[in-house]
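Please read these points with the model open beside you. They are set out by topic.

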Amino acid sequence: MCGIFGVYGAPNAAAMVHLGLYSLQHRGQESAGIVAVDETGIAKARRSMGLVSDGFEEEILAELPGSIALGHTRYSTAGSSTIENAQPVLARFRDGHIALAHNGNIINASELRRELENNGSIFSSTMDSEVLVHRIARSSSIAPEDRLADALDGVEGAYCLLVAVGNSLMAARDPRGWRPLVLGATDSGYVVASETCALDIVGAKYVREVEPGEIVVIERDGVRSVKVLPQKEARRCVFEYVYFSRPDSRIFGGSVDRARRELGRRLARDCPAPNADLVFSVPDSANAAALGYADESGLPLELALIRNHYVGRTFIQPSQAGRDAKVKVKYNAVHEVLDGKSVVMVDDSIVRGTTTRGLVAMVRAAGAREVHMRVSSAPITGPCYYGIDTPSREDLIAANLSVDEIAKHIGVDSLGYLSIDGMLESVPGGPKGFCHACFSGDYPTPPPTDPNKLRFGCGC
Ligand code: 5GP
Ligand code: SF4
Ligand code: MG
């Protein structure tokens with residue numbers, strides 16, 4: 001997964017992008033990058049591995065002048081985590097520069113890349129996004145939006161894009177609208193971001209969503225909307241509401257916080273735990289769902305697990321202590337809250353089940369008498385091909401075990417998941433218009449011929 005942020009018409013656009021990227025750090029922690037375009041049309045890039053806070057000192061931002069800038073935070077699979085694959089991509093072609101930042105996953109990237117390579121194109125990264133840059137450069141159209149539309153013709157899958165060509169900044173969203181993208185306004189121009197929490201940090205006002213299948217062109221004389229991409233039924237990713245986006249964001253026209261509370265309330269109605277003493281969340285991603293569960297059930301909400309916020313994704317598991325150590329470094333249980341109690345532990349999802357199993361053991365070791373696990377989404381039974389980095393089917397616990405078997409494996413007294421309908425009915429704008437493929441197996445596109453090949457991709 002990735003976060004993207006673009007600015008048009010700010011005196012120091014790169015500094016504003018830098019700030020915006022801080023708010024999109026949760027969407028990707030492996031690399032960050034900024035491209036800025038100055039008044040003479042010169043584009044410069046800076047990309048670095050790791051967090052936004054690590055790579056962009058003031059001197060570096062000073063080397064990125066201009067009033068147009070775009071940025072990216074990247075979260076990829078292991079193995080493709082290299083600086084060559086950091087974004088935004090910046091390339092020069094006969095008519096100047098193309099800078100591009102992508103959130104999503106292009107399903108037919110391998111086919112499109114082979115076609116380009118057969119015609120002599122040379123690639124400098126293993127990202128699916130680079131395919132788009134080549135296709136923009138090869139278009140014979142003149143207007144930037146026509147170039148982008150030509151490039152997107154025949155591209156399948158999920159994409160939210162920011163593209164700078166000449167003095168235009170464009171934002172595009174695939175026709176199914178898998179990933180969120182919003183337009184905001186500042187005093188002097190416009191901002192485009194994956195989520196509204198990034199508008200808030202720069203003081204931009206929310207204008208609207210970039211619509212599925214829309215290309216928004218921002219130029220000196222304002223904003224234009226172009227709708228030349230084929231119209232398809234919307235398939236917004238329901239997992240953005242469940243887990244991925246920040247609760248202080250509005251995405252897909254709805255509040256993530258409200259969505260999660262409603263998921264929690266529905267969970268309390270569908271999977272009650274009447275004899276429990278208290279409810280707690282697995283922080284932070286399940287906090288709002290646990291609030292909803294507590295509110296609906298009338299049980300007190302407690303802080304039973306404390307998360308260490310200084311443990312990054314790069315934490316290396318000490319070999320002698322094994323997987324449990326990884327959980328212990330990230331979480332600890334509060335004995336005084338748990339001792340002798342029958343508890344409801346709310347989490348947003350179970351993927352592999354390894355973290356959950358470790359947490360349940362920790363909660364029991366802190367004295368909990370009974371542990372009732374409640375999950376504010378349906379069982380994940382298949383991989384995602386549209387930008388979320390879920391593991392392959394063999395590693396997904398719910399693809400291989402029944403709910404009863406999972407309960408035994410993770411060591412709980414009872415386990416309740418939301419149903420797919422319960423989940424879809426709880427999110428703003430639901431139940432129609434959402435992708436739920438990893439829960440239901442109902443994939444909106446044919447699965448890619450070689451899913452592993454996608455792993456070479458932006459992986460976001
Ligand atoms: P598991 O028990 O499956 O190992 O881990 C479950 C936890 O993983 C939950 O707390 C859930 O919030 C979190 N989770 C779900 N999806 C993702 C993801 O894509 N990346 C990361 N880092 N955590 C995830
Ligand atoms: Fe979201 Fe799952 Fe669809 Fe992927 S498969 S886009 S995670 S709902
Ligand atoms: Mg979590």
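1. Which residues lie nearest the centre of the largest cavity? They are C237, F239, C384, C435 and C438, out of 15 residues that line the largest cavity. A cavity here is a set of points, on a 1 Å grid over the protein atoms alone, where a 1.4 Å probe fits but cannot get out; lining residues have an atom within 4 Å of a point. The elements that give two or more residues to this lining are α8 (238–244) and α17 (437–440). With three residues, α17 gives the most. Helices are DSSP runs of H or I with at least four residues, strands are runs of E with at least two, and both are numbered from the N terminus.

2. On provenance: this is a predicted model, in which local features need pLDDT of at least 70 and side-chain atom pairs count only at pLDDT 80 or more, while totals for chains, interfaces and linings use all residues. Residues are numbered from 1 along each chain as its sequence is written, chains are lettered from A and ligands numbered from 1 in the order in which they are written, and side-chain values use heavy atoms, with hydrogens and water left out.

3. The count comes to one cavity of 30 Å³ or more. The volume of the largest cavity is about 90 Å³, where a volume is the space filled by probe spheres set on the points, and points are joined across faces, edges and corners. By class, its lining has 12 nonpolar, two polar and one charged residues. Ala, Val, Leu, Ile, Met, Phe, Trp, Tyr, Cys and Pro count as nonpolar, Asp, Glu, Lys and Arg as charged, and the others, Gly among them, as polar.

4. Ligand 2 sits in the largest cavity, in the sense that more than half of its atoms lie within 2 Å of the grid points. Around ligand 2 are W178, R179, C237, F239, C384, Y386, I388, C435, H436, A437 and C438, each with a heavy atom within 4 Å of the ligand. This shell has nine nonpolar, one polar and one charged residues.

5. Strand β7 (residues 157–165) has nine of its nine residues buried, that is, under 20% relative accessible area with a 1.4 Å probe and protein chains only; over 50% is exposed, and partly exposed lies in between. β7 pairs in the antiparallel sense with β6 (residues 96–106) over nine bridges, and L162 is the bridge partner of A101. Pairing requires at least two DSSP bridges between the strands. β7 is also antiparallel to β8 (residues 168–173), over six bridges, with V165 opposite S168. These two strands form a hairpin with two residues between them, and G166 in the turn has a positive phi of about 55°.

6. Some backbone geometry deserves a look. Most residues other than glycine have a negative phi, and most peptide bonds are trans. F252, not a glycine, has a positive phi of about 50°; F252 lies in the loop between β15 (250–251) and β16 (254–255) and is buried, at 8% relative accessible area. The peptide bond from P283 to D284 is cis, with omega near -5°, and D284 belongs to the loop between β17 (278–281) and α10 (287–297). A cis bond also joins G430 and P431, with omega about 5°; P431 is in the loop between α16 (420–426) and β23 (434–435).

Note on methods. On a 1 Å grid over the protein atoms alone, a cavity is a set of points where a 1.4 Å probe fits but cannot get out, and a pocket is an open set with protein on both sides within 12 Å along at least five of seven lines; lining residues have an atom within 4 Å of a point.
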